[in-house]
Amino acid sequence: VGFSSKAPLPAARIRATLRAAWEAEQARYGAYGEHAEVKMAVQAGAMWNLVYNPLESVIAPVIRGNPWGWDPAVLSDDWPYVLFDWDTHFAGYMLSLDAAGKELGYSVLIQVVKAKSAEGFVPNGYAPTRKSTHSQPPVGSKVLLEMYRRYRDLWLVELLLDDLLDWSGWFLEERTLPPLNMTALGGDDMQAARYESGLDDSPMYDGHFFAVTDNKTGYGLMQMYDVGMASMVAMSDACLAELADAAGRADTAKVLRARSADARAKIAAHLWDEQSGIFVNRLATGRFRRRITPTSFYPMLSGIATVGRAESMLRGWLLNASRFCITPKGNFAGNDDTCYWGLPSVSADDPAFPPLGYWRGYVWGPMALLTYWGLSHEAYLDVPLVTTARAALCKQMGALFLTQWRAHRHVCENFSPWRNATECTGMRFYHWGALAGFIGLLDAGFYQRPRQEAAAFT
């Protein structure tokens, strides 16, 4: 028995149609050569969570359904979903890998950017009946720029540029902490500010150092300059400047470049910790908060780190087997079994690491991508140690990603850093886990320099 969505067809015809589709799909993977398995797994992670909703069109929730209880008023099973800010931006990025699938990526990116609040920010989470009152990492402009560089669809830039400019302006107005006037996290309480980081329970934010800055709303800021968020804001403004130029808005681009340059200069001057040999969060009182996570590498996203500082961070931290455990050849040589796969969400020598926890030692795809983007910045392309670290990061993260894919066909929300881990440590089919493999496809040139696959589907 066979069922067809078109005219009634005999079972044999349906089988033949499915076989032809399967063979075409295998040919698509074949264009990726030795990376074919990773391509298949990345695509599965993104496509399984791609759904059509009559309210939103094509969207990519992080998982099927909404276990967070964000939409209790929804009366239909068609509606329980939630779009998280940076998760969804990254899903759009992965979906745009193939020329044939770029429209899916575009749709996902449009939906999350257009979820922008009346105040001007893209919310942490968005469901049919609720939006967060705080934001999350502003990676949308970087994703849009990558899409534009690849496909040159100016209409998409023109559609989203003003929304992303509003978001940038909101960060400047609402997330600037004196006296250094640098980016801080905020919200309606300390936990909301933690959520804004995207790193809900990171050891960086242990304790309470939040102050209300708006007595009318009760909203406030962490009293700390956040190196990760500040670096992503600086990156976002630099990307927006290039997009504004593409849209013929030279005056806007000039303002954005100056804004990014100012932020970069402040990060370089105030958040480099000579004692630690890495960039570190700093309280408004001037004291460094030395809880080191991969966000300390994010100043590389826009070339803030000098070559000397970049090499210091890589030697002392990323390529250090007692800290972030990326080995120079990406072969895990010398790594302890508890930090075997590398890039834990807090340094392995931090007190929070041994017990592990959500953002307290587990390995995350988005941190892998952001670290990779930093290592790929043009300022470091001719630096041998950076090239070594980038290749090693891709190799170890790709191997980690494939362990759970091969064992269970799972795409993990997050991964254990332990060598003998047998299952995901978070949800078992969550699209941004595929970023751990996606960076290897980026490094092999399948996004920046399309190969046969681009011609095959046009």
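Analyst: The second largest pocket has a lining of 23 residues, and those nearest its centre are W70, F84, N124, Y195 and D200. Two elements give two or more residues to this lining, namely helix 3 (85–95) and strand 5 (130–131). The model is a predicted one, in which local features need pLDDT of at least 70 and side-chain atom pairs count only at pLDDT 80 or more, while totals for chains, interfaces and linings use all residues. Residues are numbered from 1 along each chain as its sequence is written, and side-chain values use heavy atoms, with hydrogens and water left out.

Some terms need their limits. A pocket is an open set of points on a 1 Å grid over the protein atoms alone, where a 1.4 Å probe fits and protein lies on both sides within 12 Å along at least five of seven lines; a lining residue has an atom within 4 Å of a point. Helices (H or I, at least four residues) and strands (E, at least two) are DSSP runs numbered from the N terminus.

The second largest pocket holds about 380 Å³ of space, a volume being the space filled by probe spheres set on grid points that are joined across faces, edges and corners. Its lining divides into eleven nonpolar, six polar and six charged residues. Here Ala, Val, Leu, Ile, Met, Phe, Trp, Tyr, Cys and Pro count as nonpolar, Asp, Glu, Lys and Arg as charged, and the others, Gly among them, as polar.

The most comes from helix 8, with five residues. By class, the lining of the largest pocket comprises eleven nonpolar, five polar and ten charged residues.

Helix 9 also packs elsewhere: L165, S168, G169 and L172 in helix 6 meet T252, L256 and R259 in helix 9, where contact means heavy atoms within 4.5 Å. The residues of the contact of helix 6 with helix 9 are three nonpolar, three polar and one charged.

L356 is not a glycine, yet its phi is positive, at about 60°. Most residues other than glycine have a negative phi, and most peptide bonds are trans. The bond from P178 to P179 is cis, with omega near 5°, and P179 sits in the loop between strand 6 (176–177) and strand 7 (182–183).
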